[in-house]
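Open the model in your viewer and keep the selection panel handy.

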Amino acid sequence: MKRVVSIFFLLPFSILAADTNALPALVPAYGELPVTFWERHHVAIILSVIAFLAVIALLLFFLLRAKPPVVLTPEAIARQALEKLQSRPEDGKMLSEVSQILRRYLCTVFGISSAEMTTAEFCNALTSNRVISLEFVQKITIFLRACDKDKFSPNVIAPPLSAVKRALEMIETVEQHYVRPKGASQ
């Protein structure tokens, strides 16, 4: 036990005697640090990102821009409207719609005033138009008067007029003889 006590008292002196203030042995210095990827290529990276964003912006501009509206010809508008009516039964309302579609088409093609006119006034306006032949004006007049007679008639229409078919035929006649130049192909 004497030994333990003597070690206990001698321990602080041995610690003090140790050379604790000496510097550890230095490791050799590292060489110069190499240049990082960013430091080496930062200009190219920045220019690439700007170019990529510009391409995306142009792509979005072209994809999201407003499309020009599709302009339909008077013939196409009239044909679409008449084709919607083909499956309907021939009653007063349908005959009224067919005659209105045909009138709008003729007003547009021949430059007739689009003011609301009676059938007689409309036929007089067609007659005064020198572009249309009198035979064709008579055909249109007969058709419109038949539509008027049947649409205002309280009775059921006995023989159907085939109004849609006849209106489409008249539109085709106008397109072939008056709108398209002679000799033009479709």
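Predicted model: local features only at pLDDT ≥ 70, side-chain atom pairs only at ≥ 80, totals over all residues.

Residues are numbered from 1 along each chain as its sequence is written, and side-chain values use heavy atoms, leaving out hydrogens and water.

**Whole chain.** Color by secondary structure and you will find 7 helices and 0 strands (DSSP runs numbered from the N terminus: helices are H or I of at least four residues, strands E of at least two). Now show the surface: the chain exposes about 14400 Å², with carbon and sulfur atoms supplying 66% of it (Shrake-Rupley method, 1.4 Å probe). Of the 186 residues, 24% are buried (under 20% relative accessible area, 1.4 Å probe, protein chains only).

**Helices H4 and H6.** Select residues 92-110 for H4 and 134-152 for H6; their axes lie 8 Å apart at an angle of about 150 degrees (lines fitted to C-alpha atoms over the stretch in contact, with angles from 0 to 180 degrees between N-to-C directions). The pair is therefore roughly antiparallel (over 145 degrees).

**Their contact.** Show side chains next. On H4, pick residues including Leu-95, Leu-102 and Arg-103; on H6, the contact includes Phe-143, Leu-144 and Asp-148 (heavy atoms within 4.5 Å). The contact residues divide into 8 nonpolar, 3 polar and 4 charged (Ala, Val, Leu, Ile, Met, Phe, Trp, Tyr, Cys and Pro are nonpolar; Asp, Glu, Lys and Arg charged; the others, Gly among them, polar).

Terms used
Parallel < 35°, antiparallel > 145°, perpendicular 65-115°, else oblique. Buried < 20%, exposed > 50% of the residue type's maximum accessible area, 1.4 Å probe, protein only.
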